Amino acid sequence: MQSYTIFIVLIALTFFGFRMGRNRAVKASEGHLSKLHSLPIYHGLYVAIWCSIPSLLIIFIWIISEPLIVTTLVLSELPVELQNQSQAQLNLLMNDVRNIAAGNIGISEADPAVIIAAERYSAVSRTSGTAQFILILNLAIVGLTLGIKYIAPHFRARILVERVGMILLIIASTIAILTTIGIVLSLIFESIRFFEKVTPIEFFFGLEWSPQIALREDQVASDGSFGAVPIFAGTALISFIAMIVAVPIGLMSAVYLAEYAHSKFRAIAKPLLEILAGIPTVVYGFFAALTVAPFLRDSGGLLGLSISSESALAAGVVMGIMIIPFISSLSDDVITAVPQAMRDGSYGLGATKSETILRVILPAALPGIVGSVLLAVSRAIGETMIVVMAAGLSANLTANPFEAVTTVTVQIVTLLVGDQEFDSAKTLAAFALGLTLFAITLCLNFIALRVVQKYREKYE
Amino acid sequence: MNDTIMDSGLRPSRETANIVRRGLKKRYAAEQRFKLYGLLAVCAALAFLVIMLGNIIYKGHTAFIQTEVKLEIYFDEDVIDPTGKRDEQTLRGADYGRLIKTSLRKQFPNVQKRRDKRKLYRIVSAGSPFELYRMVQKDPSLIGKTQAIWISAAANIDILNKGGIDTTRPETERRVNNKEISWYENLREAGLIRADFNTRFFTAGDSRDPEQAGVLGAVIGSLLTLAITLLLSFPFGVMAAIYLEEFAPQNRWTDIIEVNINNLAAVPSIVFGLLGLAVFLNFFGLPRSAPLVGGMVLALMTLPTIIIASRAALKSVPPSIREAALGVGASRMQVVTDHVAPLAMPGILTGTIIGMARALGESAPLLMIGMVAFIVDVPQSPTDPATVLPVQVYLWADSPERAFVERTSAAIIVLIGFLVCMNLTAQILRQKFEKHW
């Protein structure tokens, strides 16, 4: 609650500083605005920057470091026998303390030492909040007065404000890089911890996957087996089925819409196809699990086939439908980019339209189409909700599409949803799977984007 | 050699012409076939769309109606508040279930066996005592009075009333037995059953009882999450786009950023969830299941979309605008803030809304940061535990209760309704304000 107050006070002060700076500048010009180097608004912004940015930085640092400092302070006050515990137990203890302090748990059944710690926790947090409030308030006021002092007709406020603006722009543009670094580091860091417990050879080449077996603590990583081959195979199977559905339908629709369709039909059909891409994947998952899978199972039963109700086929087909618009819209762009001269040349030789498409346009557009298919594959591999809802949970090394298989994303979700301990091989395995997923999709995307870009350059 | 080519090229001999003519029919047939395949592909894709949406609407439209039972309830003071203090604690702790049971017993005096009675009590929703508590809380003067009240029916009776149960099937294969059906018929003939608009679905949080469950908690959770996402991704996305499009020098660093943004746009969403789990939850210790963290994760995910859309919008502003502004003495920053960015704003907003719509439908990364908990309360602030609409769909779809199927479909309808609104807004923005130079 207190942090909201700080922000409101800060915003109010900043606005006040802005108004004051602007008015001061107008006054300093003595009625001749042309005397000012910068427009009054820049003087106002200059004061506002002084008022807000240092305070925001401090708040940011505070938010990051506060939990750590408060935890250390509270733990150091605990009785000695409680302090000599493992890190995991201490974390659990701190959780109790925090919950009691927040009033989430009744204090009746708690350990008295924990209750004392909870009181101490609230006290320290309160002190920290007050200290932060006072510090920020002072900093903002000092910034404000400092900023105002600089205002003078010849003061180059605009140059300085624009410089700060430029720095902000540069910071914003590096966030994407920071995100990538964050992803790579967090995945690699946790994966290394996983590979300390399970060798990479076992992970990448083992045929047995049953992480849930490890129930007792001394059993972790010794009995639970982490051979990921069945998962990779399952992912490949479902993605393959999805591609069998998506590539012909997507490509043929692209060809039809780009080459044959009347412009009115195209204007209606294309946005409708794109709707398929806009529907949330959880909806596809629901449809796959509750409609397509039972339908396939029942119709398989009529034909004498035994189709599992979590068959790879159901998940794959529905995923294929989801991917159709990706392939069709990308291929459509690629096909329309083929120069008209190539079509004309082919017609001139007496080829029919379909012969032109099959022998001239598609070969010319092939790199772009391959790129779009690669992007679609990477989408299929990384797709989560459809398979979580419609595919199986148990790892099953099979190429039979009627059986239930599991995928990388399904395993990540099942390993990480629910209660988790952060040092068990089970949860860390999810990060190793995540790293594999990230690496594979990154390669596919990289190649696909390169191919598409090269192709575009060729005809532009 | 040369002669023959020239000859056949200019004046095809009768023989060649015959070969071509003989093949023509086949080639035209192939042409028609090919065209048909294309049309079939488009139709197949559209048919899938129609089947899926039709199926969901068919399954879900009944959830907007809720069956109710009219009961004469005597608000017995001895049961609710024997001491007459009327304080919050007593009112909340009272056994409202007994009032309903008494009323049901009065309605069906013939039901005597213990087992039958228990079945009888299950005609009304397990959450109905709470409905009574709400009424008494609002108006304590009810105590001591008798009033006829419409109470939500239990899920099975609800399905029965909507015709979802085939009464001709043998009793053991049905979810409701003959006795329950006879009670239901009895009530219906007495005019004590009605089907009303299901307001609870829009005003309640999640519940284990399908007839008490609503989407409000999830909708508010989604709105809070989206607000955080927008607050973070819009300013940073637009600023990054402005830098890359207007100021960045053509060098290696800029190239790296560009490649990086394009790749980030295609990273599977679940990987962002792993990032959120490892960095925001475990490293920074932010609260689990909170819209704050969900919004941060989704912001990182939508950032590339917004950057790419904003760059396209900035690029479409013709250079003459920039040159004119520079010509009258604006600084490069002023050119952007006063001229280029406002002109590009419709395009930027369109891209942002589309990015937001995608974030609204996203659920995989939110599973990673614990937004899948069963949460009854409607979240009040971005740090309260919450869930979002698509995750609510996932949770209900997993539920074994049959009555949740129609609610899941109804939640999907609500979700798609939001998405349609957002996309329409984007469309209108694009058509109304986007300039074509």
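In chain A, the C-alpha centres of domain 1 and domain 2 lie 48 Å apart. The domain assignment of chain A sets domain 1 at 2-155 and domain 2 at 225-459; such bounds come from an automatic or database domain assignment. Please note that this is a predicted model, in which local features need pLDDT of at least 70 and side-chain atom pairs count only at pLDDT 80 or more, while totals for chains, interfaces and linings use all residues. Residues are numbered from 1 along each chain as its sequence is written, and chains are lettered from A and ligands numbered from 1 in the order in which they are written.

Chain B is likewise divided, into domain 1 (65-197) and domain 2 (216-433). For chain B, 45 Å lies between the C-alpha centres of domain 1 and domain 2.

I turn to the contact of the chains. How many residues of chain B are in contact with chain A? There are 67, and they touch 69 residues of chain A; two residues are in contact if their C-beta atoms, placed from the backbone, lie within 7 Å. On the side of chain B that touches chain A, helix α2 (residues 14-60) of chain B gives the most, with 18 residues. Helices here are DSSP runs of H or I with at least four residues, strands are runs of E with at least two, and both are numbered from the N terminus. By class, this side of chain B has 51 nonpolar, 13 polar and three charged residues. Ala, Val, Leu, Ile, Met, Phe, Trp, Tyr, Cys and Pro count as nonpolar, Asp, Glu, Lys and Arg as charged, and the others, Gly among them, as polar.

The next topic is a sheet of chain B. Three strands form this open sheet, in the order β2-β1-β3, with antiparallel pairing; strands pair if DSSP finds at least two bridges between them. β2 (146-152) and β3 (193-197) of chain B are at the edges with a single partner strand each, so one side of each has no neighbour in the sheet. Seven bridges join β1(B) to β2(B), and K70(B) has W150(B) in β2(B) as its bridge partner. Strand β1 (residues 65-74) of chain B pairs with β3(B) over five bridges. There, T67(B) stands opposite A195(B), and V69(B) has I193(B) as its bridge partner.

Finally, the helix pairs. In chain A, α8 (residues 229-260) and α13 (residues 353-382) pack at an angle of about 140 degrees, with their axes 10 Å apart. Axes are lines fitted to C-alpha atoms, for helices over the stretch in contact, and angles run from 0 to 180 degrees between N-to-C directions. α8(A) is therefore oblique to α13(A); angles under 35 degrees count as roughly parallel, over 145 as roughly antiparallel, 65 to 115 as roughly perpendicular and the rest as oblique. The contact of α8(A) with α13(A) has 13 nonpolar, two polar and two charged residues.

In chain B, α2(B) packs against helix α19 (residues 403-433) at an angle of about 125 degrees, with the axes 7 Å apart, which makes α2(B) oblique to α19(B). From α2(B), I56(B), I57(B), K59(B) and G60(B) meet residues of α19(B), including V405(B) and E406(B). By class, this contact of α2(B) with α19(B) has six nonpolar, two polar and two charged residues.
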